[in-house]
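Good morning, and thank you for coming.

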Amino acid sequence: MSASNTRERGAAIDIKGATKRYGNFTALDDVSLHIEPGEFMTLLGPSGSGKTTTLNVVAGFTDLTSGDLAVGGKSIVALPAHKRNIGVVFQHYALFPHMTVGKNVAYPLTLRGMDKQARDRLVVRALDMVKMADFAHRYPSELSGGQQQRVALARAIVFDPPLLLMDEPLGALDKKLREWLQLEIKRIHRELGTTFVYVTHDQEEALVLSDRIAVFNQGRIEQVGTGRQLYDEPTTLFVAKFIGESTSLRGAAQTSGNETSLTIAGQKIVAGGKLAGGRKPVVLLRPEKLSLASTKTPAAAGQNSLTGEVSEAIYLGSGSKYQVTLRDGSVAIVRSSLEATPFSIGDTVDLRWSVVDAKLLADDDRADMTMT
Amino acid sequence: MSQTSHTPAAGGDHPRPAGAVQGPQRRPRLAAYPSLLAMPALALLIAAMGYPLLTVTLRSFSDPAWGLQNYFWFFSTPVNVTVLWRTFSIAAWVTIVCVIAAYPYAYLMTAVGPRMRLVLILCVLVPFWVSGVVRTLAWVILLQDSGIINSVIRLLGFDGVKLIRTQTGVVIGMAQVLLPFMILPLYSVMRGIDLRLVQAARSLGARPARAFLQIYLPLSLPGVFAGAIIVFILSLGFYITPALLGGPRSTMLSTLVQSQVLSLLNWGRGGAMGVVLLVATFVLLALAAPLMRQRHKQASRS
């Protein structure tokens with residue numbers, strides 16, 4: 001089957017100005033998001049950031065205070081959940097305990113009045129897809145968590161919905177099983193061509209699965225983009241800290257022309273371009289962009305240098321990871337390949353990086369508050 | 001060998017030499033005999049249930065002479081059979097009324113917040129703490145021909161209804177007294193039902209009514225059955241409420257037993273009635289058992 005063929009089965013989603021208030025609490029604050037047909041979109045954020053509320057709104061379990069929601073170009077805001085034809089996979093499986101696996105998967109087809117023959121064929125196909133065909137006569141309580149979640153997935157796709165919602169489906173499973181099921185979900189997405197909307201708080205899972213990721217924070221979307229965009233070009237400090245590891249540096253800022261520099265514990269560094277709006281700047285550095293050097297070797301041209309002390313050195317096999325405590329007390333995380341001369345705890349070192357590898361962002365108190 | 005041994009002198013894995021002088025003798029611990037925990041209850045049951053039951057059964061076969069004459073008498077007297085049938089019929093009605101009244105109430109208890117839930121639980125329990133006699137007397141006041149219910153009905157321009165000393169009155173009174181025995185087991189089962197199952201059914205295309213009938217109701221049935229059995233069995237032996245609210249046409253078996261034993265001092269016939277009731281109840285439960293057998297384990301993990 002060709003890619004264009006399968007893509008047609010997915011529906012485009014348009015969320016426009018979605019707002020949900022509970023009394024004084026705003027769970028969703030003017031959220032707008034466009035999802036392409038057949039896209040794998042992950043809603044990523046800490047708990048209480050609005051990602052699950054968004055999912056519940058799309059599924060029809062929660063009504064919007066204001067805003068619009070369209071699937072395949074048609075507004076579904078007024079439709080009750082049972083008329084939306086959207087598959088939902090829940091974190092705790094939500095399999096019907098009084099029905100066998102086969103009956104569970106057949107349930108949506110029975111509701112649609114399908115005759116037994118056609119129903120059985122589709123059930124077998126869906127169970128085959130999640131590799132659970134041998135378990136059709138078991139009850140959910142006789143299955144492991146991973147098996148139950150695969151059955152739940154089969155039940156959500158058996159009626160061929162144009163959109164599948166998944167609410168932290170792997171949250172209750174152990175790491176090994178989670179990693180394997182991530183690949184299974186990716187495969188099923190490829191085979192079905194259905195639009196997937198996936199909620200998680202696990203950034204690694206988001207990076208593995210998604211075409212694009214929407215990062216949620218406090219009821220708003222901070223940034224939408226591919227994993228690479230979010231990692232390399234974060235637009236807010238929150239996104240930078242939520243996706244991957246990073247070091248943030250703060251200090252007294254001076255701006256001259258188009259260049260901002262920071263003074264940190266008496267050492268001056270070039271931070272990058274000019275920050276719009278005159279907000280307090282913070283320099284963000286990814287661990288692999290940083291390197292350590294002896295204080296005796298001079299910094300190369302275009303490199304910044306800050307002196308600190310190695311406070312932790314971890315050998316990782318493929319390289320080493322260091323924590324360096326700078327003179328102003330902040331801690332930098334450095335990842336280096338094995339060729340580098342090993343440093344040990346207590347060594348005084350220079351932290352070096354190219355000016356172009358640093359990311360200058362507006363400081364944001366919220367970012368620290370919500371990171372746990 | 002790094003193994004620790006209780007007998008350092010004897011050492012090794014050798015069995016303890018018999019009669020060897022040990023440290024403080026280990027007392028038999030309660031944990032070793034878990035069945036001991038059931039002893040007080042068992043003793044009470046044997047003394048207060050087993051022995052009298054045995055006596056009653058024996059007497060039903062031996063008083064005034066050995067034989068089945070008490071049972072022949074029971075089944076050859078039409079009034080006894082009518083009352084036996086009526087006893088089961090009233091118990092069934094009480095059970096039905098209790099299920100209908102308790103189901104929405106128990107559901108409400110699972111749906112409201114913790115403070116409201118406490119209020120609802122108190123509403124169930126407070127009447128429970130009041131003696132059954134007092135509550136039944138309250139029903140006498142409510143149900144009598146010049147009582148509140150009839151006054152309201154007449155005020156609305158209808159004819160009064162005969163409630164006191166009728167079977168309807170007995171069922172109303174008994175249902176009220178027994179309602180907590182239906183609500184509490186129902187609530188404990190409903191509390192364990194994951195409401196996301198209903199959401200899941202809705203997302204799969206089930207209308208709210210259908211999601212309730214196909215998902216919620218079947219999962220709540222164990223609670224219905226548990227409550228129904230308790231209410232039904234308690235109804236069979238009810239004495240005070242039918243005696244106070246009922247008339248001659250709503251006599252239940254316990255009243256007949258009472259008059260045989262206490263008024264006529266006929267222990268044999270009273271005993272036979274008791275045994276008939278007991279056996280009939282067992283037969284009924286045996287018939288209902290396959291209905292209640294759960295094919296699945298309750299999935300109330302959350």
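**Overall organisation**

In chain A, of the contacts between residues at least 6 apart in sequence, 67% join residues at least 24 apart. Please bear in mind throughout that this is a predicted model. The model scores ipTM 0.81 and pTM 0.81.

Chain A has 372 residues, and 41% of them count as buried. Its C-alpha trace spans about 80 × 45 × 40 Å along the principal axes. The secondary structure of chain A comes to 10 helices and 21 strands.

How is chain A divided into domains? The domain assignment gives domain 1, covering 3–241, and domain 2, covering 245–370. The C-alpha centres of these two domains of chain A lie 39 Å apart. Where they meet, 9 residues of domain 1 of chain A are in contact with 11 residues of domain 2 of chain A. On the domain 1 side, helix α9 of chain A, residues 237–242, provides the largest share, with 4 residues. That side of domain 1 of chain A divides into 5 nonpolar residues, 3 polar and 1 charged.

**A sheet in chain A**

Let me turn to a sheet in chain A. Here 6 strands form an open sheet in the order β6-β7-β8-β3-β9-β10, and the pairing is mixed. Which strands stand at its edges? They are β6 (87–89) and β10 (220–225) of chain A; each has a single partner strand, so one side of each is left without a neighbour in the sheet. On average, and with direction ignored, neighbouring strands of this sheet are turned by 15° against each other.

Strand β3 of chain A, residues 40–44, deserves a moment of attention. Is this strand mostly covered or mostly open? Strand β3(A) is mostly covered, with 5 of its 5 residues buried. In a regular strand, side chains alternate between the two faces of the sheet. In β3(A), A:F40, A:T42 and A:L44 point one way, A:M41 and A:L43 point the other way, and all are buried.

What are the pairings of β3(A)? With strand β8 of chain A, residues 195–200, β3(A) pairs in the parallel sense over 5 bridges. Within β8(A), A:V199 stands opposite A:L43. With β9(A), the pairing of β3(A) is again in the parallel sense, over 4 bridges. There A:M41 stands opposite A:R212 of β9(A).

Moving on to β10(A), we find that strand β9 of chain A, residues 212–217, is joined to β10(A) by 5 bridges, and these two strands run antiparallel. One bridge pairs A:A214 with A:V224 in β10(A).

Helix α5 of chain A, residues 145–157, lies across β6 and β7 (163–167) of chain A, and it runs at about 170° to β6(A).

**Strands around β17 of chain A**

Which residues are the bridge partners of A:E309? In β20(A) the partner of A:E309 is A:T348, and in β18(A) the partner of A:E309 is A:T325. The hairpin of β17(A) and β18(A) has 4 residues between the strands, and in it A:G317 takes a positive phi near 90°.

**Chain B and its contact with chain A**

I come finally to the second chain. The contact between the chains takes 19 residues from chain B and 20 residues from chain A. On the chain B side, the elements that give two or more residues are α8 (196–203) and α9 (208–236) of chain B. Of these, α8(B) gives the most, with 6 residues. The chain B side of the contact divides into 8 nonpolar residues, 6 polar and 5 charged.

How confident is the prediction for chain B? Chain B averages a pLDDT of 85, and 87% of the residues score at least 70. Among the elements of chain B, helix α3, residues 78–111, has the highest mean pLDDT (95), and helix α5, residues 132–143, has the lowest (87). Over residues 1–21 of chain B the pLDDT is below 50, and this stretch has 5 contacts in the model beyond near neighbours in sequence. For residues 297–302 of chain B the pLDDT stays under 50 too, with 11 contacts beyond four places in sequence.

Notes. Residues are numbered from 1 along each chain as its sequence is written. Chains are lettered from A and ligands numbered from 1 in the order in which they are written. Two residues are in contact if their C-beta atoms, placed from the backbone, lie within 7 Å. Ala, Val, Leu, Ile, Met, Phe, Trp, Tyr, Cys and Pro count as nonpolar, Asp, Glu, Lys and Arg as charged, and the others, Gly among them, as polar. Two strands pair if DSSP finds at least two bridges between them. Axes are lines fitted to C-alpha atoms, for helices over the stretch in contact, and angles run from 0 to 180 degrees between N-to-C directions. A residue is buried if 20 or more other C-beta atoms lie within 10 Å of its own, exposed if 12 or fewer, and partly exposed in between; C-beta atoms are placed from the backbone. Domain bounds come from an automatic or database domain assignment. pLDDT is the predictor's confidence in each residue, from 0 to 100.
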